[in-house]
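Subject: Structure for you to look at

Hello,

Here is the structure I promised to pass on. Please open it first, then read my notes below.

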Amino acid sequence: MILAAEKGDITTIIGGIAPDWGPFGSLGNEARVMIEVVMAVAILICLGIAIWGAAKQRIGATALRDTFSAEQGKGLIVAGLTGVFIIGSLGTLFTIVYGMAV
């Protein structure tokens, strides 16, 4: 009687269910660099939105006494920082999902 567990290990199991990237598998390092560039640009845009919102909130609250502008600024701050958090978390989420081979 031959047991399957005798000749296999965890690498065989994980390697068998790991995703096959199909036509994107051959892109390799260039694809990773492009993704990093796109994510960096998106983070810079989100930080710009947060800074714009902070300026709008500050100017609206003090100089113009415009509560609508101040509330818009608060919304922009939250949206920008949320975008930075989500984009920053994507790398970790992809690593966890791919590492678990789900």
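Below is what I found, from the whole chain down to single side chains.

Keep in mind that this is a predicted model.

Start with the fold. The chain has three helices and zero strands. From the N terminus, the order is α-α-α. The chain counts 102 residues, and 12% of them are buried.

Next, the contacts. Take those between residues at least 6 apart in sequence: 58% of them join residues at least 24 apart.

Now look at the surface. V33, V37, V41 and I45 form a nonpolar patch there. Together they have about 320 Å² of accessible area. One of them, V37, sits in helix α2, which spans residues 29–63. Is V37 buried, exposed or partly exposed? Its relative accessible area is 45%, so V37 is partly exposed.

Last, the charges. Side chains of opposite charge can pair when their charged atoms come close. How many salt bridges are there? The count is one. It joins the side chains of E71 and K74, at 3.5 Å from N to O. Both residues lie in helix α3, residues 67–100. They are three residues apart, which is about one turn of the helix. E71 is partly exposed, with a relative accessible area of 48%. K74 is partly exposed too, at 40%.

Best wishes

Terms used
Residues are numbered from 1 along each chain as its sequence is written. This is a predicted model: local features need pLDDT of at least 70, side-chain atom pairs count only at pLDDT 80 or more; totals for chains, interfaces and linings use all residues. Side-chain values use heavy atoms; hydrogens and water are left out. Helices (H or I, at least four residues) and strands (E, at least two) are DSSP runs, numbered from the N terminus. Buried means under 20% relative accessible area, exposed over 50%, partly exposed in between (1.4 Å probe, protein chains only). Contact means heavy atoms within 4.5 Å. Patches are made of residues with over 30% relative accessible area and no salt bridge: like charges are joined within 9 Å, nonpolar side chains (Val, Leu, Ile, Met, Phe, Trp, Tyr) within 5 Å. Accessible areas come from the Shrake-Rupley method with a 1.4 Å probe; for residues, only the protein chains shown count as cover. A salt bridge is a side-chain nitrogen of Lys or Arg within 4 Å of a carboxyl oxygen of Asp or Glu.
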